[in-house]
Amino acid sequence: MAMMPASLTANPFELDEWLNPGNRLLKGACRIGRDEYAHPDAERALRDYLELVPHQDSLLNYYRQMEQGAQFPDLLGKAVEAGPGQFSHVHRLTENLSRLLGIPAPRVFIYEEVYYRSHTEGVDFQWIELSSALVEEFSEAELKFIIGKELAHIQGRHYLYDALYHAAVKTAQYAERIPFVNVVNMFYTLDIYVEYLKAYANRWRRIATYSEDACGLLCCGSLPAAVFAVLKLVLNNPSLVNEVDLPSFVGQVSDIANLNATVMKYSKLDEPLPYAPYRLLELVRYGSSERAKKALFRIRQMEEEQIS
């Protein structure tokens with residue numbers, strides 16, 4: 001076995017190669033690359049965050065053994081896996097979009113939930129979880145957007161960086177229970193570190209969401225469908241989406257930017273996901289860019305060649 005890298009900072013993708021060499025990108029088949037949708041600030045935000053995470057190999061091993069190990073049995077017992085014989089449309093979309101991104105198709109599970117939710121879990125292997133309400137009430141184009149953004153989470157190895165954060169916070173919580181460490185932490189050194197780490201991790205998460213949304217747009221090929229999907233996530237009610245005036249809603253960005261009181265600034269920094277008006281602003285900005293137009297044109301050309 002190859003030597004485990006001591007840090008992810010020098011090469012953020014090296015540890016995934018060590019953990020799971022059989023789950024590498026299918027480079028020869030890759031059709032949508034990260035460079036076609038990644039936010040311009042994504043790499044810098046990731047490096048700033050990872051520089052604060054010590055003992056990354058140990059933290060990943062903890063997450064693999066403790067967190068991932070606890071999640072998967074519950075998943076198999078409480079959710080339904082999409083496949084050729086059940087939720088076949090979800091299975092088909094996932095297979096097709098995975099090929100479009102040049103990555104192995106992950107397993108997809110549908111669980112009972114009245115809210116529209118989706119997320120990706122796992123380190124050694126990844127899976128996508130979709131709520132039953134989302135699967136039932138999203139159109140095919142909107143489902144493509146959601147699945148596409150989750151696949152971007154996998155293609156960009158975001159699951160690794162999420163796992164590092166959760167493991168670091170858990171480790172800090174456990175460390176506080178040790179008497180000696182608890183005495184040292186009377187000066188709140190550990191608490192300050194966790195809050196500092198959280199701020200940088202959340203900044204990276206917000207930017208990573210912009211990247212994932214952009215990939216979702218490329219996967220669904222429709223800016224209106226992508227916007228509707230985000231609005232449905234916000235309102236959790238498809239009938240109310242048509243009530244939204246998009247320019248007015250996105251215009252709330254200016255109001256948010258002007259909230260400069262200390263508590264308000266902290267509240268903004270504390271968010272792991274970007275506020276929806278910012279999210280839509282970045283989505284529309286990317287969708288109107290030359291980079292997106294070129295990528296969408298190339299994808300359509302490939303689809304036409306396959307048909308012919």
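I take buried to mean under 20% relative accessible area and exposed to mean over 50%. The model I am reading is predicted.

**Entry: helix H15**

I looked up H15, which runs over residues 290-307 and has 18 residues. Its first and last C-alpha atoms are 26 Å apart, close to the 26 Å expected at 1.5 Å a residue. I find Ala292, Ala295, Leu296, Ile299 and Met302 buried in this helix. They cover an arc of only 120° around the axis, so they lie on the same side of H15. On the other side I note Glu290, Lys294, Phe297, Glu304 and Glu305 as exposed. I then checked what the buried residues of H15 pack against: helices H4 (88-101), H9 (189-220) and H14 (276-287).

**Entry: Asp48**

I located Asp48 in helix H2, residues 42-50. Is Asp48 buried or exposed? Its relative accessibility is 17%, so I count Asp48 as buried. Its side chain makes a polar contact of 2.3 Å with that of Arg44. Leaving out residues up to four places away in sequence, I find Asp48 touching Tyr200 and Arg203.

**Entry: the sheet**

I traced an open sheet of four strands, ordered E1-E2-E4-E3, with mixed pairing. E1 (79-81) and E3 (118-121) are at the edges with a single partner strand each, so one side of each has no neighbour in the sheet. On average, neighbouring strands are turned by 25° against each other, direction ignored. E2 (107-111) and E4 (127-131) pair in the parallel sense over five bridges; Arg107 has Trp127 in E4 as its bridge partner.

I also looked for helices on this sheet. H3 (56-78) packs on it, touching E1, E2, E3 and E4, with its direction at about 60° to that of E2. H6 (140-155) packs on the sheet too, touching E3 and E4, and its direction makes about 25° with that of E3.

Definitions and conventions. Residues are numbered from 1 along each chain as its sequence is written. This is a predicted model: local features need pLDDT of at least 70, side-chain atom pairs count only at pLDDT 80 or more; totals for chains, interfaces and linings use all residues. Side-chain values use heavy atoms; hydrogens and water are left out. Helices (H or I, at least four residues) and strands (E, at least two) are DSSP runs, numbered from the N terminus. The expected span of a helix is 1.5 Å times one less than its number of residues. Buried means under 20% relative accessible area, exposed over 50%, partly exposed in between (1.4 Å probe, protein chains only). The arc is that of the directions from the helix axis to the C-beta atoms. Contact means heavy atoms within 4.5 Å. A polar contact is a pair of N or O atoms within 3.5 Å; within protein, one must be able to donate a hydrogen and the other to accept it, and residues adjacent in sequence count only if both atoms are side-chain atoms. Two strands pair if DSSP finds at least two bridges between them. Axes are lines fitted to C-alpha atoms, for helices over the stretch in contact, and angles run from 0 to 180 degrees between N-to-C directions.
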